[in-house]
Amino acid sequence: MSSTFFTWLRSPAARDYFFSTHFWGPVANWGLPLAALADLRKDEEAISGAMTSALAAYSLVFTRFAWRVIPRNYLLFACHGTNVTAQLIQESRFINYWYMGGREKKLESQSKGKVLEAVEAAKAEAKKVADAK
């Protein structure tokens with residue numbers, strides 16, 4: 001199997017492939033899904049629902065195109081399939097945050113954290129006062 005791949009790699013067909021838009025187009029497009037995957041760790045407050053939907057639709061169209069074009073462009077298919085998946089995850093995070101109570105839960109947990117910090121600070125100050133006497 002690997003010897004077949006290396007034989008192909010040295011062939012004119014491989015050179016034609018690596019010097020074509022069939023290869024470089026998808027390689028250049030990988031910036032979109034890589035950025036989307038990096039954004040999965042960012043705060044939901046920064047997610048744009050409209051842009052996420054647009055990017056998912058755009059990549060869905062190109063996923064279909066990559067599958068239907070002859071010869072099939074598997075690299076483009078994988079690129080846009082990854083982007084569709086990442087954008088749909090982002091869209092679900094957006095919907096959960098803004099419409100399903102995620103924002104309220106986050107704000108509630110943040111305020112509880114601030115109250116607990118204030119209680120701990122008060123305890124520490126009371127301990128200092130008690131120890132000073």
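Modeller: In this predicted model, helix H5 (residues 49-68) packs against helix H6 (residues 74-99) at an angle of about 155 degrees, and their axes are 8 Å apart. Angles over 145 degrees count as roughly antiparallel, so H5 is roughly antiparallel to H6. The crossing of the two helices is left-handed. In the contact of H5 with H6, 14 residues are nonpolar, 10 are polar and one is charged.

Now to the charged side chains. Glutamate 44 lies in the loop between H4 and H5, while arginine 93 is in helix H6, so the pair ties together parts that are 49 residues apart in sequence. Arginine 93 is buried because its relative accessible area is 16%, under the 20% cut-off. Glutamate 44, at 22%, is partly exposed.

Another salt bridge joins aspartate 43 and lysine 106, at 2.3 Å from N to O. Aspartate 43 lies in the loop between helix H4 (31-39) and H5, and lysine 106 in helix H7 (residues 102-132), so this pair ties together parts 63 residues apart in sequence. Both partners are partly exposed: aspartate 43 has a relative accessibility of 35%, and lysine 106 has a relative accessible area of 25%.

A further salt bridge links aspartate 39 with lysine 42, whose closest N and O atoms are 3.3 Å apart. Aspartate 39 is partly exposed at 28% relative accessibility, and lysine 42 is partly exposed at 49%.

Key: Residues numbered from 1 in each chain as written. Predicted model: local features only at pLDDT ≥ 70, side-chain atom pairs only at ≥ 80, totals over all residues. Heavy atoms only, no water. Axes fitted to C-alpha atoms, helices over the stretch in contact; angles between N-to-C directions. Helix = DSSP H or I, 4+ residues; strand = E, 2+ residues; numbered from the N terminus. Parallel < 35°, antiparallel > 145°, perpendicular 65-115°, else oblique. Left-handed = near helix turned anticlockwise from the far one by under 90°. Nonpolar A, V, L, I, M, F, W, Y, C, P; charged D, E, K, R; others polar. Salt bridge = Lys/Arg side-chain N within 4 Å of Asp/Glu carboxyl O. Buried < 20%, exposed > 50% of the residue type's maximum accessible area, 1.4 Å probe, protein only.
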